[in-house]
Amino acid sequence: MKLPLAAAFLAFAAYAAPAQAADAAAGEAAFKRLCAACHIVTAEGRRGVGPTLFGVVGRHSGKVEGFRYSAANQKADLVWTPEVLDKYLTNPREVVPGTTMAFAGIRNETERANVIAYLATLK
Ligand code: HEC
């Protein structure tokens, strides 16, 4: 698929722009679009395809009680800091090879930062 030149330029400009303050509200909207089909964000509640992301920032990987993680996620031994989340959400399968999280990643740096800012509010 070819992007029109203007759209390609805008995408590049957004990519090349210096880091801006992340926007948790925009991150919430992106989360609803990209993640909410599989993840809940509350401590309690009906479980999804993925583990709840309540309190995920700063949490050790694979620690949601009662969620059956893949062997890959169980062995990952990561702490979900904003930096690690940024790498993970760029390309989950690269950070946790063999993960069952069927999500290709968020390419846009600003959008990733916004989603992570939103995740940090879940506590
Ligand atoms: C198609 C369903 C699906 C989508 C969409 C999805 N996830 Fe996941 N996610 C999962 C599953 C399943 C796991 C557990 C993976 C495993 O055990 O290998 C997971 C695991 C995770 C983990 C690790 C949690 C832990 O406790 O170790 C994080 C963080 C995460 N997802 C964040 C996100 C974010 C943020 C998005 C949206 C940008 C997203 N996911 C989109 C299904 C999904």
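So, Gly62: with 18 C-beta neighbours inside 10 Å, this residue counts as partly exposed. On that scale, a residue is buried if 20 or more other C-beta atoms lie within 10 Å of its own, exposed if 12 or fewer, and partly exposed in between, with C-beta atoms placed from the backbone. Gly62 lies in the loop between helix 2 and helix 3. Helices here are DSSP runs of H or I with at least four residues, strands are runs of E with at least two, and both are numbered from the N terminus.

Before I go on, this is a predicted model, where local features need pLDDT of at least 70, side-chain atom pairs count only at pLDDT 80 or more, and totals for chains, interfaces and linings use all residues. Residues are numbered from 1 along each chain as its sequence is written.

What does Gly62 touch, not counting residues up to four places away in sequence? Tyr69, Asn73, Gln74 and Ala76. When I say contact, I mean that the two C-beta atoms, placed from the backbone, lie within 7 Å.

Val49 counts as exposed, because it has 10 C-beta neighbours inside 10 Å. From Val49 to Ala37 is 12 residues in sequence and 8.0 Å in space, C-alpha to C-alpha.

Next, the loop between helix 3 and helix 4, where we find Val79. Val79 is exposed, since 12 other C-beta atoms lie within 10 Å. Leaving out residues up to four places away in sequence, Val79 touches Gly58, His60 and Val84. Val79 and Ser61 are 18 residues apart in sequence, yet 5.8 Å apart in space, C-alpha to C-alpha.

Asp77 lies in the loop between helix 3 and helix 4 as well. Most residues other than glycine have a negative phi. Asp77 is not a glycine, but has a positive phi of about 55°. Is Asp77 buried or exposed? Exposed, because it has 9 other C-beta atoms within 10 Å.

One more loop residue: Gly98, found between helix 5 (92-95) and helix 6. With 11 C-beta neighbours inside 10 Å, Gly98 is exposed. Setting aside neighbours within four places in sequence, Gly98 is in contact with Ser70 and Ala72. Gly98 and Ala71 are 27 residues apart in sequence and 8.1 Å apart in space, C-alpha to C-alpha.

Okay, zooming out. Of its 123 residues, 21% count as buried. Among contacts with a separation of 6 or more, residues 24 or more positions apart account for 48%.

Now helix 6, residues 109-119. This helix is mostly covered, with 8 of its 11 residues buried. Those include Glu111, Arg112, Asn114 and Tyr118. Helix 2 and helix 4 (82-90) are among what covers the buried residues of helix 6.

How do helix 2 and helix 6 pack? Their axes come within 7 Å and cross at roughly 95°; axes are lines fitted to C-alpha atoms, for helices over the stretch in contact, and angles run from 0 to 180 degrees between N-to-C directions. The two helices are therefore roughly perpendicular to each other. For the labels, under 35 degrees is roughly parallel, over 145 roughly antiparallel, 65 to 115 roughly perpendicular, and the rest oblique. On the helix 2 side, Ala24, Ala26, Gly27, Glu28, Ala30 and Phe31 meet Glu111, Asn114, Val115, Ala117 and Tyr118 of helix 6. That contact divides into 7 nonpolar, 2 polar and 2 charged residues, where Ala, Val, Leu, Ile, Met, Phe, Trp, Tyr, Cys and Pro are nonpolar, Asp, Glu, Lys and Arg are charged, and the others, Gly among them, are polar.

Then the core. The largest nonpolar core has 16 residues, and Phe31, Leu85, Leu89, Val115, Ile116 and Leu119 have the most contacts inside it. A nonpolar core is a set of buried Ala, Val, Leu, Ile, Met, Phe, Trp, Tyr and Cys residues joined through C-beta atoms within 7 Å. Helix 6 gives the most to this core, with 5 residues.
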